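This report is a guide for a reader who meets this structure for the first time. Please look over the sequence and the model before reading on.

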Amino acid sequence: MTGVAAVPSRVMLRKLTSRRLRRPKSWATAIAVVVLGSIIGLVIFGPMIAPYDPNTTLGSTYMQSSKEFLLGTDALGRDVTSRVLTGGQTVLMYAAVATVLAYIAGLALGMLAGFVRGSVDNVVMRIVDVLLAFPTLVFVLLLAAAFGRGMPSIVFATALIQATAVARIIRTATLEQSVRGFVEAAVARGERTHTVLIREILPNIAPTLAADVGLRFTWSVLLLASVNFLGLGLQPPTADWGLMISENRGGMDLNPLAVLAPAAILGALTVSINVISDAWADKGI
Amino acid sequence: MTVTSLEQAPPSGVITTRQKLRRSPLVRFVAGRVFAGVVTLFALSLLVFLACSVIPGDAASQVLGKHASGEALEHMRALMGLDRPVWERYGAWMTGFLHGDLGNTVGGYSSGTEISVWSQVKGPLNNSLVLGLVAFVPIVGVSLLFGTLSAVRSGKWVDQLISVLTLVPAALPEFVVGALLIALCASWLDVLPAVSLIPPGQNPLLTPELLVLPVLTLIAVTVGPASRMIRAGMVEALRSDWVLAARLNGVAERRVLTGYALRNALAPSIQVFALIAQYLIGGLIVVEYLYGYPGIGKELVEALAIRDSIEVQSVTMLLAIVVIATTVLADLLVMLVVPKLRTEAA
């Protein structure tokens, strides 16, 4: 492809294809919604339809798939099917809590920094810079160790790290809004800071917030699942997808399903949330 | 004093070399970035130290167990330096750190001896460096190739195939990708080992087959976003006026790609690769733990599991230095590659 003619034809081609591109994308979004919906359904109703108690040893270790145990048994002879069905609540619930906490803290800090500016802004943003200059997982592990063992401290650490990222986005959005006429009018009327923030600015930065929620939630799921996988979060005998992968990876040759089943469902979960939040950010669904 | 004498007027009309250096935007920029890096590291050291010193149950009682007598605790605290005030301990840790002394592990004290953190992390650090570098080179190559290819074929099936193939694994946790790779390559095809245990002191490069799966996992999770960002840079470059001008001048398309577009898309790419290098440090933790690879990430997880606060704080700080150094280096590299930025930086 050389010469003059190539240039305009390429441009035209790109325009044509970009329109065509949208169709598979919306297909992907539709599939992702179905996948996510069924995972959430599984997580809610899974414990009710689980054939056995997830924490009782029922057979020998790493038995292969059979009529009795659909996905075989795990390292301790427990039923993998029942453990997969009950193992999702923890990660989803904790990730949701972490995301909500991150938003409360990040929203307050980001709006304050963006609206008040000056030294408040400087202090908050320098702290955010320092925190963001570091691998997230290392920080979560470090903070979790500092706050003490147990899930609450890990959820809190995850929320704190996420809050810094939220604060940064909210600050930028708030900066844009705070020079607008209606904000200046509210300030001139003598409204108090928190009234201006909640009544004037918050409704206007809501779209930015909405586009970011999915991404934050994915990150929370990834972080919490990783911490559980590393054995530093939920402790055995809790049934948890991340923990199951870690527990059963020694028996990959005997019953690979004990690892593959939780891996597949965790993977489907993160990929589908990712696809949906991408589509959401693109055009608000 | 030397500073003031420098600033006093030089003999009229003569500008000293040092003054020239001071005025050069590049030197200012380099100095600024290095300074910012040092300040960030200092802030991080405070945070890491505070986090580790509030780890519940102080290190001495952890060494001696729950039922230690008060007297033995006092003695152990004195031995470990825990009887001093917090600020003094921070000072001692930092002074030691800057002199290459990372302190002694809590584990060592509980076995009645002093084991230096450095002796524990020296080997793992080296192993991780090898794994990181061995993974980094193909990551750069593959994402440059994929990024360029999908920019040139933007919107066509090659582009879509690459974006699906790379973005799906990128959305997965490292250990899920790794578990799938183990299932495929180790359990099913039985061509590669599932665990990468390397005997202490042995160079990991001597057993390359142990590195394949960890490296593949790292490639799989990073190439997606990296090639996506390179694609964006390339698409923008290909749309630019100077690419149009080059094409109108009859420059061969291949040369337009490599000599014009890629060269200009390279500057943002360097920052992408710096991000990847930083990511690798976090990603290594999970990957090393999954494959049992004896690197610094696995060492950190083990230290965290036994709450060895001294080792945790020194290892975290070492990682912080690597991360910040990478950021600063990448910034400087971009400056050198893109002449335009040198003047804008001033």
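## Chain B in outline

Chain B contains 16 helices and zero strands, where helices (H or I, at least four residues) and strands (E, at least two) are DSSP runs numbered from the N terminus. This is a predicted model, in which local features need pLDDT of at least 70 and side-chain atom pairs count only at pLDDT 80 or more, while totals for chains, interfaces and linings use all residues. Residues are numbered from 1 along each chain as its sequence is written, and chains are lettered from A and ligands numbered from 1 in the order in which they are written.

Of the 346 residues in chain B, 39% are buried; a residue is buried if 20 or more other C-beta atoms, placed from the backbone, lie within 10 Å of its own, exposed if 12 or fewer, and partly exposed in between. Among the contacts in chain B with a separation of 6 or more, 70% are between residues 24 or more positions apart, two residues being in contact if their C-beta atoms, placed from the backbone, lie within 7 Å. Chain B is divided into domain 1 (21-111) and domain 2 (117-305), with bounds that come from an automatic or database domain assignment, and the C-alpha centres of these two domains lie 33 Å apart.

## Confidence in chain A

The pLDDT, which is the predictor's confidence in each residue from 0 to 100, has a mean of 81 in chain A, where 89% of the residues reach 70 or more. Confidence in chain A is lowest in helix H1 (residues 6-49), at a mean of 67, and highest in helix H3 (residues 89-116), at 90. Over residues 1-23 of chain A the pLDDT is below 50, and this stretch has 14 contacts in the model beyond near neighbours in sequence.

## Where the chains meet

In the model, 47 residues of chain B are in contact with 42 residues of chain A. Several helices of chain B each supply at least two residues of the side that touches chain A, including helix H3 (25-53), helix H13 (253-291) and helix H15 (309-337), but H10(B) gives the most, with eight residues. By class, this side of chain B has 35 nonpolar, eight polar and four charged residues; Ala, Val, Leu, Ile, Met, Phe, Trp, Tyr, Cys and Pro count as nonpolar, Asp, Glu, Lys and Arg as charged, and the others, Gly among them, as polar.

## The nonpolar core

A nonpolar core is a set of buried Ala, Val, Leu, Ile, Met, Phe, Trp, Tyr and Cys residues joined through C-beta atoms within 7 Å. The largest one has 158 residues, and those with the most contacts inside it are Val140(A), Leu141(A), Leu142(A) and Leu224(A). H13(B) provides the largest share of this core, 20 residues. Because domain 1 (21-111) and domain 2 (117-305) of chain B both give residues to this core, it lies between them.

Leaving aside neighbours within four places in sequence, Leu224(A) is in contact with residues that include Val91(A), Tyr94(A), Ile154(A) and Gly233(A).

## A buried loop residue

Asp308(B) lies in the loop between H14 and H15 of chain B, and counts as buried because it has 28 C-beta neighbours inside 10 Å. Apart from neighbours within four places in sequence, Asp308(B) is in contact with Thr105(B), Val106(B), Gly107(B) and Ala303(B). Asp308(B) and Cys52(B) are 256 residues apart in sequence, yet 9.1 Å apart in space, C-alpha to C-alpha.
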